[in-house]
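Please look at the sequence and the structure shown here. Some questions and answers follow.

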Amino acid sequence: MFAIKALFNDEIAVREGFSSIRKALLENHPDHADYYDVLRKILQQQTHLKHAVFAEKDVVSCEFYGFDEKESAMAEAALLDVGALEVIVE
């Protein structure tokens, strides 16, 4: 299982990102069910925001857990699409 750490500019960017994920879930194309399952998994987790430094700037970090290899790749792409500055998969 993999953990994912996503870095965003600030708390507002995190909220906007999650809002974009919610909007994407409304579209729900049946031919991409795995991708939408990953989006739901991201939203279902408790979001704990932490201070981090990225490229010498103060940013916000949030972590997600319990993704397999395929899910972590989809989650990384989804988080980057909604405004994450960087996504680290461990």
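Val-53 has its place in strand β2 (residues 49-54); helices (H or I, at least four residues) and strands (E, at least two) are DSSP runs, numbered from the N terminus. This is a predicted model, in which local features need pLDDT of at least 70 and side-chain atom pairs count only at pLDDT 80 or more, while totals for chains, interfaces and linings use all residues. Residues are numbered from 1 along each chain as its sequence is written, and side-chain values use heavy atoms, with hydrogens and water left out.

Q: Is Val-53 buried or exposed?
A: Buried means under 20% relative accessible area, exposed over 50%, and partly exposed in between (1.4 Å probe, protein chains only). The relative accessible area of Val-53 is 55%, so Val-53 is exposed.

Q: Which residues does Val-53 touch, not counting residues up to four places away in sequence?
A: Contact means heavy atoms within 4.5 Å. Leaving out residues up to four places away in sequence, Val-53 touches Asp-58 and Val-59.

Q: Is Ser-61 buried or exposed?
A: Ser-61 has its place in strand β3 (residues 57-67). Its relative accessibility is 3%, so Ser-61 counts as buried.

Q: How many residues apart in sequence are the parts tied together by Glu-63 and Lys-5?
A: A salt bridge is a side-chain nitrogen of Lys or Arg within 4 Å of a carboxyl oxygen of Asp or Glu. The side chains of Glu-63 and Lys-5 meet in one, at 3.8 Å from N to O. Glu-63 lies in strand β3 and Lys-5 in strand β1, so the parts that the pair ties together are apart in sequence by 58 residues.

Q: Which helices hold Asp-34 and Lys-70?
A: Asp-34 forms a salt bridge with Lys-70, with the closest N and O atoms 2.9 Å apart. The pair ties together parts that are 36 residues apart in sequence, because Asp-34 lies in helix α2 and Lys-70 in helix α3.
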